[in-house]
Amino acid sequence: MLRTHTLKEASQLDGVEVKVCGWIHDIRVLGRIAFIILRDRSGFAQLTLIRGILGKEKFKEYTKLTRETVICARGKVQRTDQAKLGFEILPEEIEVLSVAETPLPLGVADKVSADMETRIENRFLDLRKPEVLSVFKVRSAILQGIRDTLISKNFLEVHTPKIVATATEGGTELFPVRYFEKEAYLNQSPQLYKQILMAAGFDRVFEIAPAFRAEEHNTTRHLNEFISIDVEISFADDEDAMRVLEESIANGIKYAVENEREALELLGMKWKEPELPFKRITYDEALSIINKNMDMEWGEDFSTEALKVLGEEIKDFYFITQWPLEIKPFYVMPYDEKYSLAFDLMYREKELSSGAQRNHRYESLVEIMKGKGLNPENFEFYLRAFRYGMPPHAGWGLGLERLVMIITGVKNIRECVIFPRDRTRLVP
Ligand code: ATP
Ligand code: MG
């Protein structure tokens, strides 16, 4: 066995012999005694090296090890008030598994201060920093909480194709790919496919998968590849979809609070499970709040500045409902001539999710499509599903990284992805 305990497990013991492994976070030599701070995913341990016990040779060998070298240490755990962590390990033997070269291209023991570029270029080192790792611990926990919620509500987890022939919304934000003799695209959203699954009688589905957007703009909240959590529900309206969304988010946060308390503390975030239901305001109400500070026309999408104004006023999660039909995609259900059954979920000034009751009526769908300048022939594979029995349905798409940004408090969405894809970055 390479190791018997993680460092966290070892921290609970006293007087027990263990074999632990990890990276040398720091090393301090004080004459005849030396301290190695060992690190693994679970935490830290102090290895106390005493020359009188180890002998001259070993002491000399071990104290020359470089930071970030991977070692295993065999020795007894001992509780002590002298160590900051409340315990220490007294190694009898240290095995060197992989030596770290010097100098390090990015310090791990140092606080996060390097610029984003250097950090991403040396991401494997950057990710060794406990506060950087914390983001991914929280991300994993949020996902687990959301997945548990949906599974408990009898949703079926599905996967739809990411290489597709048509744009979801006929937009320009598409990455073309060569597909043998044809031109294809990376999918922007599973929207059309999850709707087809409603016609298939799948009743309620969710998908957690990448979505690709060829957005040229470089912002702190846009990626070119992100994880979209998508839900579609049969025999449901916009209000049903909003309830599933707010419950998923509340449970995602709850799961993170219960299971990643230390990670959240390290990130300086104090969350408790949010209270439901989230506030709901209509587009018109949002517009009148915004227009106290600026001049925005009815029927426009909210600009970044407008959302800032709104976010100053409403400091929590909230839905914006009853959007003008015109600025929402063709597949949303009209409420009347002017308004739709679409909603956005916001947290302060950030959009987290867009959803709607969908238009399941074939003729009306085709007409609206044409009105938006789309050619129904290009959507034949989708429209077919509406002609042979399509139940009313509703759903949403939630950007995982946007949610992780909010819960972890990081300022740049790139920090919520292990290997982000942005306007200029394709490696690593
Ligand atoms: P925005 O207006 O913020 O660019 P959007 O309205 O274009 O977003 P939708 O098509 O509604 O985005 O996608 C649903 C959700 O997917 C968004 O609410 C957001 O959480 C997430 N999302 C969309 N585009 C991106 C992106 N480029 N990077 C990260 N997340 C995204
Ligand atoms: Mg949107």
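Which side chains does a polar contact of 3.5 Å join? The side chains are those of Glu 415 and Arg 119. A polar contact is a pair of N or O atoms within 3.5 Å; within protein, one atom must be able to donate a hydrogen and the other to accept it, and residues adjacent in sequence count only if both atoms are side-chain atoms.

The model is predicted: local features need pLDDT of at least 70, side-chain atom pairs count only at pLDDT 80 or more, and totals for chains, interfaces and linings use all residues. Residues are numbered from 1 along each chain as its sequence is written, chains are lettered from A and ligands numbered from 1 in the order in which they are written, and side-chain values use heavy atoms, with hydrogens and water left out.

Glu 415 lies in the segment after H14. Helices (H or I, at least four residues) and strands (E, at least two) are DSSP runs, numbered from the N terminus. With neighbours within four places in sequence set aside, Glu 415 is in contact (heavy atoms within 4.5 Å) with Met 116, Arg 119, Arg 123, Val 135, Phe 136 and Val 410.

Ligand 1 is surrounded by 14 residues, each with a heavy atom within 4 Å of the molecule. The closest are Glu 215, His 222, Leu 223, Glu 351 and Leu 352. A polar side-chain atom of Glu 215 lies 2.5 Å from a nitrogen atom of the ligand. His 222 places a polar side-chain atom 2.6 Å from a ligand oxygen atom. For Ser 354, the distance from a polar side-chain atom to an oxygen atom of ligand 1 is 3.0 Å. Taken alone, ligand 1 exposes 580 Å², of which the protein buries 82%. These areas come from the Shrake-Rupley method with a 1.4 Å probe; for residues, only the protein chains shown count as cover.

Strands S15 (350–357) and S16 (393–399) each supply at least two residues of this shell. The largest share, four residues, comes from S15. By class, the shell has four nonpolar, five polar and five charged residues. Ala, Val, Leu, Ile, Met, Phe, Trp, Tyr, Cys and Pro count as nonpolar, Asp, Glu, Lys and Arg as charged, and the others, Gly among them, as polar.

Helices H10 (residues 283–290) and H11 (residues 304–313) pack at about 95°, with axes 9 Å apart. H10 is therefore roughly perpendicular to H11, a label for angles of 65 to 115 degrees. From H10, Ala 286, Ile 289 and Ile 290 make the contact; H11 brings Ala 306, Val 309, Leu 310 and Glu 313. Six of these residues are nonpolar, none polar and one charged.

A cis peptide bond joins Thr 102 and Pro 103, with omega about -10°. Pro 103 sits in the loop between strand S5 (87–98) and helix H4 (116–121). Val 427 and Pro 428 are also joined by a cis peptide bond, with omega about -5°.

Terms used
Axes fitted to C-alpha atoms, helices over the stretch in contact; angles between N-to-C directions. Parallel < 35°, antiparallel > 145°, perpendicular 65-115°, else oblique.
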